Amino acid sequence: MPDHAICDHCNGRIEHGEGYTFFSSASIGLPGMEQLTGNMMLCEECTNRIITVENWLRAPSPSRREISGADFLANPSAMFDTMRRTNEDSIIQNCQAHGFTPNQAKAKARELAQQWWIDPESAQRESARFWSSKSRSSTAPARRPAAHQSRPQHAKFPKGCLIGCGALSLLLVSFCLLGVWLMQSEQKVIRSETENVLNLITQGKTAEAYANSSMLMRSEMDEAGFAASVQELKLTGYVGWQEKKLTNHRKPQYGWTVEGYAIVEGGRTVPITLEFIQENKQWKLRLIRRS
Ligand SMILES: [Zn+2]
């Protein structure tokens, strides 16, 4: 038997034998991914905050809430607050459906919690059956509550739409990381291609540089024209770059522009621009010119 449990509302520690077992019929989450919260083991503090006369007097709100993906991204913490409030309201609704006063509700939840420490499986069934038996919520799905089915009592387990939202945010983060990774690996290739082109040119291997360039560039310029144009750049004795800037562009087609100052012999700098496009999955020189 675990020596403690975790409060399903605040994630606080509940010592062995303590706590209160309530039930939330709230179904919260992203559209199409709403999940019934189900049984909730609450700590003393959360119970005392939720099960109050003041809360009994105010009308609890509906127990089904849809949260759009845009709302979640705009303000994830507000969404978790909404989720918590929705669960609190549903707990209160279920207690009131039995005609309980706050004290009576606490006593019943305490009794269910005590059973839960002895036999969690049957106590979970009993809690779900008892609390939802008089539920006025017409929106609560009829299926079995997902919560507290098989999780170990000491494990933290996010409730309701936390699962859906967690999956969504994980997916978004993965996409972002993938995007960053792709961008970085492309930049790496472009840097290396830039070096290749400039090294070939500075070594006088313009024919090779031309042969390695994009078909698009070769269709617009013959080898002699290319040799003449790079001659004008005066890149002899290229040693490196100063202030190299890489940007990707989408027009006229997706590609990369490299701008900066090539350092040549004698420490002279030459402002140049290179453009690369992808052909047959390889990055190829599209143009090289003086900036
Ligand atoms: Zn708590």
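Strands S8 (residues 269-279) and S9 (residues 282-290) run antiparallel and pair over 8 bridges; two strands count as paired if DSSP finds at least two bridges between them. Across this pairing, Phe276 sits opposite Leu285 in S9. The two strands make a hairpin with 2 residues between them, and Asn280 in the turn has a positive phi of about 50°. All of this comes from a predicted model, in which local features need pLDDT of at least 70, side-chain atom pairs count only at pLDDT 80 or more, and totals for chains, interfaces and linings use all residues. Residues are numbered from 1 along each chain as its sequence is written.

Zooming out, the protein chain has 10 helices and 9 strands, taken as DSSP runs (H or I, at least four residues; E, at least two) and numbered from the N terminus. Of its 291 residues, 32% are buried, meaning that 20 or more other C-beta atoms, placed from the backbone, lie within 10 Å of the residue's own.

Then there are the nonpolar cores, sets of buried Ala, Val, Leu, Ile, Met, Phe, Trp, Tyr and Cys residues joined through C-beta atoms within 7 Å. The largest has 25 residues, with Cys7, Phe22, Met41 and Leu42 touching the most other members. A second, separate core holds 19 residues, including Ile201, Ala209, Leu235 and Trp256.

Technical notes:
Buried ≥ 20, exposed ≤ 12 C-beta atoms within 10 Å, placed from the backbone.
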